[in-house]
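Dear colleague,

Please find below the structure I promised to pass on to you. My notes on it follow directly after.

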Amino acid sequence: MKAVGLYRYLPIDNPESLLDLELDTPVATGRDLLVEVKAISVNPVDTKRRSPKGPATDLVEKTAKILGWDAAGVVTATGPDCKLFKPGDAVYYAGSVIRQGANCQFHLVDERIVGRKPANLSFAEAAALPLTTLTAWELMFDRMAISKAGAQAGRTVLILGGAGGVGSIAIQLAKKLARLKVIASASRPESIAWCKGLGADQTVDHSKPLEIPEVDFVLCFSATDFYWNQLPRLVKPQGKIGLIVRTVKAVDLAILHDKSIAVCLEGMFTRSTFQAPDMAAQHALLDEAAGLIEAGVLKTTLTQNLGKIDAANLRRAHEMLEQGHVIGKLVLEGW
Ligand SMILES: NC(=O)c1ccc[n+]([C@@H]2O[C@H](COP(=O)([O-])OP(=O)(O)OC[C@H]3O[C@@H](n4cnc5c(N)ncnc54)[C@H](OP(=O)(O)O)[C@@H]3O)[C@@H](O)[C@H]2O)c1
């Protein structure tokens, strides 16, 4: 089968940073599905995992490392213990970061973290969604306990990084399900227009000091270290902050204490990495999101289809993501 992968961790302008490969097609065992991948999306996790590793830059993998944690495709075979899907089913999923990614023609994924593809979306439109939807949904509804049924309707949320992959679906979840008042951060006319089109009530420019009234919730989808010291000023007493970007430096928790601000961390790979007993919650989540897309409540966040899945197009996608101003999601489709 065709695949795109790496042996060495190189800057993206090096043509060997991502390579076209020919690999053996894997076989499904246990609860794995073998999925024929039709479309993929690209996330910052790909660029972070591909990038040079400091002193370990000389590291050469013995077997090819395959990236890619957003896919849509068709189940071609199932392991003997599968209960949720059968060959022929169209699916979408993010997968597990402790296994090979989905930048390959045939990919193994545990069925408990897979959802049925929304019937009204193309494979490309569906591939844009899983990783970011899992992230925003788990953060808001599982970790921060924001009511998905709208019990906190009218409260305010600030979404830092509103036009990015995670922000684009978070705006929709906050508006359409939680019925919050959404202030999204965006720094350019195009990203401001995109956030408003998704339903943001107001935007604020993150390239300038943030001057907004205190909000109930902050969803920080950009560098936590950069925003940390400003966060207490932005949040109401007893409010909540949701974080998805790992801190690089130590942070001072004491600055949150006077206002009793809660901090919630989200890692969308936690359930699959630790084989959590509730791992199948991601299957249920993606199926529920598929229903909401089919009902017209949520929409795809796909903005650019970069063409077929090969090393040259993937290098282009990584380059764009590394510049930090992608709007919505980049997708590649077909082989
Ligand atoms: N923990 C998890 O499970 C998890 C899951 C998904 C993602 N993440 C992490 O979350 C981060 C965001 O992911 P993503 O997929 O949304 O990234 P993305 O799509 O690459 O985000 C791009 C957006 O970031 C905005 N941006 C640029 N500088 C900013 C700043 N200083 N403050 C706020 N926004 C800024 C840009 O808006 P403008 O063009 O308007 O400036 C752009 O639209 C990444 O670090 C990613 O690794 C973590």
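This is a predicted model: local features need pLDDT of at least 70, side-chain atom pairs count only at pLDDT 80 or more; totals for chains, interfaces and linings use all residues.

Aspartate 205 sits in the loop that joins β11 (202-204) and β12 (215-220). From threonine 29, aspartate 205 is separated by 176 residues in sequence and by 49 Å in space, C-alpha to C-alpha.

The largest nonpolar core comprises 98 residues, and Ala127, Ile159, Ala170, Val218 and Leu219 have the most contacts inside it. At least three residues of this core come from each of domain 1 (2-129 + 275-333) and domain 2 (133-265). In soluble globular proteins, nonpolar side chains tend to be buried together. Beyond its neighbours within four places in sequence, alanine 127 is in contact with residues including Ala39, Ile40, Asp70, Tyr92 and Val331.

Lastly, helix α10 (residues 311-323) deserves a note. Its 13 residues reach 18 Å from first C-alpha to last, close to the 18 Å expected at 1.5 Å a residue. Leu314, Ala317, His318 and Leu321 are the buried residues in α10. Viewed down the axis of α10, the buried residues fall within an arc of 100°, so they line one face of the helix. An α-helix has 3.6 residues a turn, so residues three or four places apart point the same way. The cover over the buried residues of α10 includes β1 (2-8), α1 (44-50) and β16 (329-333). After α10 comes glycine 324, with a positive phi near 85°.

Yours sincerely

Note on methods. Residues are numbered from 1 along each chain as its sequence is written. Helices (H or I, at least four residues) and strands (E, at least two) are DSSP runs, numbered from the N terminus. The expected span of a helix is 1.5 Å times one less than its number of residues. A residue is buried if 20 or more other C-beta atoms lie within 10 Å of its own, exposed if 12 or fewer, and partly exposed in between; C-beta atoms are placed from the backbone. The arc is that of the directions from the helix axis to the C-beta atoms. Two residues are in contact if their C-beta atoms, placed from the backbone, lie within 7 Å. A nonpolar core is a set of buried Ala, Val, Leu, Ile, Met, Phe, Trp, Tyr and Cys residues joined through C-beta atoms within 7 Å. Domain bounds come from an automatic or database domain assignment.
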